[in-house]
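Please examine the sequence and the structure shown below.

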Amino acid sequence: SSTEIFTVATGCPMERSVGEAYSWLILWMEAEYGWKRWEAYDLLTHVGEVSIGYYAVGTAAAKIAKRYLD
């Protein structure tokens, strides 16, 4: 989407996929947007979103609106 960035992880258990997707998103925010790792983590705890795909497979997407990244 042009209004958000997101990462996707798949695996079991699904909770691990959520953590992995958020970890990748934090690293992306650090590398591409200049965020410090712990500041990115803090921001995501407030405004980050998670979308769950097929639960049995453990697919999760972590995302944040681009308006928070500037």
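Thr7 counts as buried because its relative accessibility is 10%, where buried means under 20% relative accessible area, exposed over 50% and partly exposed in between (1.4 Å probe, protein chains only). This is a predicted model, in which local features need pLDDT of at least 70 and side-chain atom pairs count only at pLDDT 80 or more, whereas totals for chains, interfaces and linings use all residues. Residues are numbered from 1 along each chain as its sequence is written, and side-chain values use heavy atoms, with hydrogens and water left out.

**Thr7 and strand β1**

Thr7 belongs to strand β1. Helices (H or I, at least four residues) and strands (E, at least two) are DSSP runs, numbered from the N terminus. A polar atom of the Thr7 side chain lies 2.6 Å from the backbone oxygen of Ala21. A polar contact is a pair of N or O atoms within 3.5 Å; within protein, one must be able to donate a hydrogen and the other to accept it, and residues adjacent in sequence count only if both atoms are side-chain atoms. Neighbours within four places in sequence aside, the contacts of Thr7 (heavy atoms within 4.5 Å) include Trp24, Leu25, Trp28 and Ala61.

In a regular strand the side chains alternate between the two faces of the sheet. In β1, the covered face carries Ile5, Thr7 and Ala9, while Glu4, Phe6, Val8 and Thr10 are on the uncovered one.

**The sheet**

The open sheet has three strands in the order β1-β3-β2, with antiparallel pairing. The edge positions are taken by β1 (4–10) and β2 (49–52); each has a single partner strand, so one side of each lacks a neighbour in the sheet. From one strand to the next, the twist averages 20 degrees. Two strands pair if DSSP finds at least two bridges between them. The table gives the two pairings.

| Strand pair | Sense | Bridges | A bridge partner in β3 |
|---|---|---|---|
| β1 and β3 | antiparallel | seven bridges | Ile64, for Ile5 |
| β2 and β3 (residues 59–65) | antiparallel | four bridges | Ala60, for Ile52 |

Pro13 is placed in the loop between β1 and α1. The peptide bond that joins Cys12 to Pro13 is cis, with omega near 0 degrees. Most residues other than glycine have a negative phi, and most peptide bonds are trans. After α1 comes Gly34, with a positive phi near 80 degrees.

Helix α1 (residues 14–33) lies across β1, β2 and β3 and runs at about 140 degrees to β1. Axes are lines fitted to C-alpha atoms, for helices over the stretch in contact, and angles run from 0 to 180 degrees between N-to-C directions. The end C-alpha atoms of α1 are 28 Å apart, in agreement with the 28 Å that its 20 residues should span at 1.5 Å a residue; the expected span is 1.5 Å times one less than the number of residues.

Among the buried residues of α1 are Val18, Ala21, Leu25 and Met29. Their cover includes β1, α2 (37–47), β2 and β3. Leu27, also found in α1, counts as partly exposed because its relative accessibility is 40%.

**The salt bridge**

The structure holds one salt bridge, defined as a side-chain nitrogen of Lys or Arg within 4 Å of a carboxyl oxygen of Asp or Glu. It joins the side chains of Glu30 and Arg37 (2.7 Å, N to O). Glu30 is partly exposed at 28% relative accessibility, and Arg37 is partly exposed at 43%.
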